[in-house]
Amino acid sequence: MLDKNKTMVKRCFLTGEYVFFAIDRAKRPHSFKRDTVKTTPKEYCPFCPQNSYMTPEPVYDDGLIKIVPNKYPFVHTNEDTYGVHDVVIDTNIHDEKLIDFTDEHIFKLMVVLKNRFIQLEGDKKSKYVQIFKNQGMEAGASQSHSHWQIASLPVVPLKMEHLLQVLKGYYDEHNECYFCNLDFGTRIVEENESFRSYIPADGKFPYGMDILPKRHVSSIKEFTDKELMDYGIILRNSLKRLVALRPGIAYNLCLYSAPRDEKCHDYFHFYTQIIPRIGHMAGFEFSTGCYINSVLPEVGAEELRNTEI
């Protein structure tokens with residue numbers, strides 16, 4: 001066990017960023033600040049069914065889940081730098097959260113996300129599609145009603161380009177996928193037939209989890225129905241553990257699929273990041289590009305595993 005007066009330094013394999021594990025910093029006041037987002041009343045919520053006039057015409061609507069163009073997009077289809085920015089409203093119940101979804105609801109949501117991903121990626125102008133979710137004000141959510149976002153971009157982001165380069169280098173050296181060769185140790189939080197949820201050994205965020213398919217797939221579009229069900233359940237349950245351990249916590253979900261035009265299936269492995277918003281990035285992080293993590297991965301995984309849901 002790391003002494004509280006000592007700091008361990010690791011370098012994140014995927015990003016190259018340094019992580020300082022300093023467990024005594026968890027005792028600082030406000031380190032685990034509860035998210036303070038105010039819930040928008042139903043009468044004024046643009047994502048509630050009775051207020052559908054507040055959002056653009058949906059591109060998908062099954063009565064439970066709806067996809068609408070983002071009213072304030074950061075890319076536009078009518079520009080040279082083509083892009084699509086969608087909002088996926090994943091429930092028609094104002095106060096329902098992802099952790100409350102039934103198995104059937106979460107499966108339907110995963111099917112909708114996969115299908116919209118395939119639709120957007122099928123456009124020749126699209127180079128990369130990113131699915132993400134911001135839950136809570138500290139995670140960047142501007143609406144309290146549960147929702148996701150999907151962005152189709154005309155470029156492959158620098159982060160993805162770097163990931164592809166690192167993972168290809170590992171594959172060329174070891175002749176196998178980096179993620180398929182991981183040693184999870186005691187850092188597994190949850191597991192089912194198709195997926196593992198675990199805390200990376202070099203993770204930058206306290207209680208931050210990755211979710212990894214056991215089968216080597218490079219994109220959500222390759223998931224079978226069985227895998228979509230298992231993925232939704234392990235995602236929900238992992239979040240339930242996090243929220244039970246740190247009530248009211250804000251978080252981000254980031255789903256990473258391979259870019260369409262990259263021939264990287266052998267070495268790119270689909271994965272999901274759960275990023276708890278504990279504490280804030282400050283001067284040290286911005287000035288150095290390094291991170292401070294106050295919870296050791298093995299300790300965080302044990303706490304999450306032992307949390308009742």
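**View 1. Q135 sits in strand β6, which covers residues 128-135.** Strands here are DSSP runs of E with at least two residues, while helices are runs of H or I with at least four, and both are numbered from the N terminus. This is a predicted model, where local features need pLDDT of at least 70 and side-chain atom pairs count only at pLDDT 80 or more, though totals for chains, interfaces and linings use all residues. Residues are numbered from 1 along each chain as its sequence is written, and side-chain values use heavy atoms, with hydrogens and water left out. Q135 counts as buried, at a relative accessible area of 13%. (Buried means under 20% relative accessible area, exposed means over 50%, and partly exposed is in between, using a 1.4 Å probe and protein chains only.) Leaving aside residues up to four places away in sequence, Q135 touches K97, A141, S146, A250 and Y251; a contact means heavy atoms within 4.5 Å.

**View 2. Here are cysteines in a structure with zero disulfides.** A disulfide would be a pair of cysteine sulfur atoms within 2.5 Å. C254 is in no disulfide either: the nearest cysteine sulfur, that of C12, is 13 Å away. C48 is buried at 2% relative accessible area, and C254 also counts as buried, at 15%.

**View 3. Three strands make an open sheet in the order β1-β2-β13, with mixed pairing.** Its edge strands are β1 (8-11) and β13 (291-293), each pairing on one side only. From one strand to the next, the twist averages 30 degrees. Two strands pair if DSSP finds at least two bridges between them. Strand β2 (residues 18-21) pairs with β13 in the parallel sense, over three bridges. Look for F21, which stands opposite N293 in β13.

**View 4. Strands β8 and β9 form a hairpin with three residues between them.** The two run antiparallel and are joined by three bridges. I188 stands opposite Y198 in β9. As background, strands of a sheet pair through backbone hydrogen bonds, either parallel or antiparallel.

**View 5. Helix α1 (residues 103-121) crosses helix α3 (residues 225-245) at roughly 115 degrees, with axes coming within 8 Å.** The axes are lines fitted to C-alpha atoms, for helices over the stretch in contact, and angles run from 0 to 180 degrees between N-to-C directions. Among the residues making the contact are I106, F107 and M110 of α1, along with L228, M229 and Y231 of α3.

**View 6. N175 and Y207 have positive phi values, though neither is a glycine.** For N175, phi is about 60 degrees, and the residue is found in the loop between α2 (158-174) and β8 (188-191). For Y207, phi is near 65 degrees, and its place is the loop between β9 (195-198) and β10 (209-213). Which of these residues is buried, and which is exposed? N175 counts as exposed, at 60% relative accessibility, whereas Y207 is buried, with a relative accessible area of 2%.
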